[in-house]
Amino acid sequence: MSNVSRGRRAAGWAVLALTGLLSVGAVAAWSVATPPFTATGLYSLVDLLDGIVYGAVAWLLLTRQRTGSRLPGAIACAAAVGSALSAFAAQWQLAVGGPPVLSALHGSAWIPGLYALVVVMPWLLPDRPLGRLDRLAAATGAGYVTVTFAAAVTGPPPLGVLPLAPELREVRAALLRPLAPVLPYPLVGLGLLACAGLAWRWRRGPAAQRHGLGWATAGSTLLTLAFLTTLLPPVVPAAAPALLMLSPRRSFPPRWRWWCCASNCGGCGWPCAAPSSGI
């Protein structure tokens, strides 16, 4: 790890500590509130596990990745901190009944990291010089994430975290009025395109770059399908999206490995080039 800067190692440990504290706080609040088990409550479990899993992944990338793009580590940090904060806010909202900012954080903190995992991260894997199409696709996904997150955090109270002046609220309403009905759909479309690109690189890319991409493709596809189910008619069980989001977490040990391989970590000691680990 001699090639990793002290600042990056400190950031990795800070993210791991912060997500750990928020996760412990969420569990403590849940034990106080003891809410009934519902389909909606599964989303808090998703947030909690995301905070734990991606907190560990962010620590690994920040403290071990010696070369390559830093964007995967940044996205992992956003997913870890945002999800842990969302779980913490949701459970303390149930435990103490306020303040309203907890509800707002629960509804928006997870957006940048999780959405970026769907529409940006697949284009960055494996770590390589990005082509023009890859850069355009990743930039389009990042733009979508920015617009969606900005719309969420500037919503009217108690949904928004950032209050707007009255004139700016009017501008926001005018801009979002035609966009709001269709804003969730590009997430699924962009996510499916990203999964298709990742699957193509897994099956057709250079052999030395394929290791770990099978797990990455499977996890990204399940996450995208989870968001697709939220757009389907209400005949789909309410718990289906959350259960699909939980499915990739069961493959965490293999996914830890594909983060190493695909993100060019280089510090875990695993034989990433082993022919037997082609997925």
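Reader: What makes the backbone oxygen of Leu125 and the side chain of Arg128 a pair worth noting?

Author: Distance, in a model that is predicted. The oxygen lies 3.3 Å from a polar atom of the Arg128 side chain. The cut-off for a polar contact is 3.5 Å, so this pair falls within it.

Reader: Which side chain makes a polar contact with the side chain of Arg128?

Author: That of Asp134, at 3.1 Å. This value is also within 3.5 Å, so the pair meets the distance rule.

Reader: Why is Arg128 called buried?

Author: Its relative accessible area is 16%. Buried means under 20%, so Arg128 qualifies. Arg128 sits in the loop between H6 and H7. Beyond its neighbours within four places in sequence, Arg128 is in contact with Trp123, Asp134, Arg201 and Gln209.

Reader: How do you know that the peptide bond joining Leu125 and Pro126 is cis?

Author: Look at omega. For this bond, omega is about -5 degrees, and the bond is cis. Most peptide bonds are trans. Pro126 is also found in the loop between H6 and H7.

Reader: Is Thr34 buried or exposed, and how do you know?

Author: Exposed, because its relative accessible area is 51%. The cut-off for exposed is over 50%, so Thr34 passes.

Reader: And Val120: buried or exposed?

Author: Buried. The relative accessible area of Val120 is 9%, so it falls under the 20% limit. Its place is in the loop between H5 and helix H6 (121-124).

Reader: Which residues does Val120 touch, neighbours within four places aside?

Author: Ile75, Tyr115, Ala138, Gly141 and Ala142. They count as contacts because heavy atoms come within 4.5 Å. Also look at Leu190. Val120 and Leu190 are 70 residues apart in sequence and 8.9 Å apart in space, C-alpha to C-alpha.

Reader: What can you say of the contacts across the protein chain?

Author: Residues 24 or more positions apart account for 74% of them. The protein chain has 12 helices and zero strands. Of its 279 residues, 44% count as buried.

Reader: What is the volume of the largest pocket, and which residues are closest to its centre?

Author: The volume is about 1,100 Å³. Tyr43, Asp47, His106, Gly107 and Trp110 are closest to the centre, out of 43 lining residues. H2 gives the largest share of the lining, eight residues.

Reader: Of which classes is that lining made?

Author: It has 30 nonpolar, 11 polar and two charged residues. Tyr counts as nonpolar and Asp as charged, so Tyr43 and Asp47 go into those classes.

Reader: How many cavities of 30 Å³ or more are there?

Author: Two. The second largest cavity has a volume of about 30 Å³.

Reader: What makes a space a cavity rather than a pocket?

Author: A way out. In a cavity a 1.4 Å probe fits but cannot get out, whereas a pocket is open.

Reader: Which residues line the second largest cavity?

Author: Thr154, Gly155, Pro156, Pro157, Leu162, Pro163, Leu164 and Arg169. They divide into five nonpolar, two polar and one charged. Arg counts as charged, so Arg169 is the charged one.

How values were computed:
Residues numbered from 1 in each chain as written. Predicted model: local features only at pLDDT ≥ 70, side-chain atom pairs only at ≥ 80, totals over all residues. Heavy atoms only, no water. 1 Å grid on protein atoms, 1.4 Å probe; cavity = no way out; pocket = protein on both sides within 12 Å on 5 of 7 lines; lining within 4 Å. Points joined across faces, edges and corners; volume = space filled by probe spheres on them. Helix = DSSP H or I, 4+ residues; strand = E, 2+ residues; numbered from the N terminus. Buried < 20%, exposed > 50% of the residue type's maximum accessible area, 1.4 Å probe, protein only. Polar contact = N/O pair within 3.5 Å; in protein donor to acceptor, adjacent residues only side chain to side chain.
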